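Look at the sequence and the structure shown here before reading on. The paragraphs after them go through the fold step by step.

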Amino acid sequence: NAESGKQWYQRRVRGEVVFCKYPFVYTAGAKAKLMKIDANQQMMKTVQSIAVNQFLNRGQLSINPFLELKVRRDHLIPDTLRQIQEYESRPYLLKKPLKVTFAGEEGYDAGGVKKELFLLLMKELLSPDYGMFTVDPDSRFIWFSEFSFEHNSNYHLIGVLCGLAIYNSTIVDINFPPALYKKLLKKPVTLNDFA
C-alpha cells in the first residue's frame, strides 16, 4: 500500500537496510509498485525544489508543476525530440510529472494521452521504415540499423524517451534482444543473447 511505500522510501533515504537491496524477494508487480512510489516521490521533490529555488531567487512563485509536451500528430517525432532536447541543459525538469497535449485537440491528460503519445512514437521510431532500427525476421528483435543517417544524439533522445515513459509509469513494448539489456546492466554478453 501507499503508506508502506512511504515508509520504505524514508528508510531508503536514511540508509537503513531494506528489502529493496534484495530484489529477488519481490514479485514483478511489487517491484513495479515500488518504482511507481519512488518516481512519485521524486516528482514531488523536484517540483518542491524548483518552487523553493524560484521563490528564493525571484521572490515569486510561478512554477508549472508539469513537464508539458505539446505535439502535432503529423509531426510527432520532430516535435517531441525537439522539446526533449530543450531539457538537455536542465535535465532535472524531466523529473516533473509528464502532461501531453496534441495540438488542436481538447482533452485532459489523465494518462491516456501520454500513453498514446509513447505508443505512437515508439511505433514510428522503431519502424524499419524510419531507418534507425531494423527487425530480425526470425527472432522479431529490434536492432540498430547500420544504414541509419540519424545523428547519435537522436539515439540518446530515444533512450531519454524510454526512461521518461518508465518514469511516468507508461509501459512501452520494445523488443530489443537480451544483449542490449545486459549491456545496460554492465553484465557479460554472449552470442546466445542475440538469438
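What follows describes the model from its overall layout down to single residues.

This is a predicted model, in which local features need a pLDDT of at least 70 and side-chain atom pairs count only at pLDDT 80 or more, while totals for chains, interfaces and linings use all residues. Residues are numbered from 1 along each chain as its sequence is written, and side-chain values use heavy atoms, with hydrogens and water left out.

The pLDDT is the predictor's confidence in each residue, from 0 to 100. Its average over the protein is 80, and 82% of the residues score at least 70. Confidence is lowest in helix H1 (residues 2–14), where the mean is 59, and highest in E3, at 90. Where pLDDT is low, the predicted coordinates should not be read in detail.

The protein has 6 helices and 4 strands. Helices (H or I, at least four residues) and strands (E, at least two) are DSSP runs, numbered from the N terminus. Read from the N terminus on, the order of elements is α-α-β-α-β-α-β-β-α-α. A contact means heavy atoms within 4.5 Å. Among contacts between residues at least 6 apart in sequence, 58% join residues at least 24 apart.

Next come two strands. E1 and E2 run parallel and are joined by 5 bridges; two strands pair if DSSP finds at least two bridges between them. Glu68 stands opposite Lys99 in E2. A residue is called buried under 20% relative accessible area, exposed over 50%, and partly exposed in between (1.4 Å probe, protein chains only). Of the 195 residues in the protein, 34% are buried.

What is the span of helix H4 (residues 112–125)? Its 14 residues should span 20 Å at 1.5 Å a residue, and the end C-alpha atoms are 20 Å apart, which agrees. The expected span is 1.5 Å times one less than the number of residues. Which residues of H4 are buried? They are Val113, Lys114, Leu117, Phe118, Leu121, Met122 and Leu125. These residues cover an arc of only 160° around the axis, so they are on the same side of H4; the arc is that of the directions from the helix axis to the C-beta atoms. The face turned away from the buried side carries the exposed residues Gly112 and Lys123. The buried residues of H4 pack against strand E1 (67–71), helix H3 (76–86), strand E2 (98–102), strand E3 (133–135) and helix H5 (152–167).

A nonpolar core is a set of buried Ala, Val, Leu, Ile, Met, Phe, Trp, Tyr and Cys residues joined through side-chain atoms within 4.5 Å. The largest one has 36 residues, and Ile84, Leu117, Phe133 and Leu161 have the most contacts inside it. Two or more residues each come from E1, H3, E2, H4 and H5. H5 gives the largest share, 8 residues. Leaving aside neighbours within four places in sequence, Leu161 is in contact with Thr80, Leu81, Ile84, Phe118, Leu121, Met122 and Leu125.

Two residues remain. Ser169 is found in the loop between H5 and helix H6 (178–184). Its phi is near 55°, a positive value in a residue other than glycine, and Ser169 is partly exposed, with a relative accessible area of 42%. Lys186 lies in the segment after H6. Lys186 has a positive phi of about 60° although it is not a glycine, and Lys186 is exposed, with a relative accessible area of 77%.
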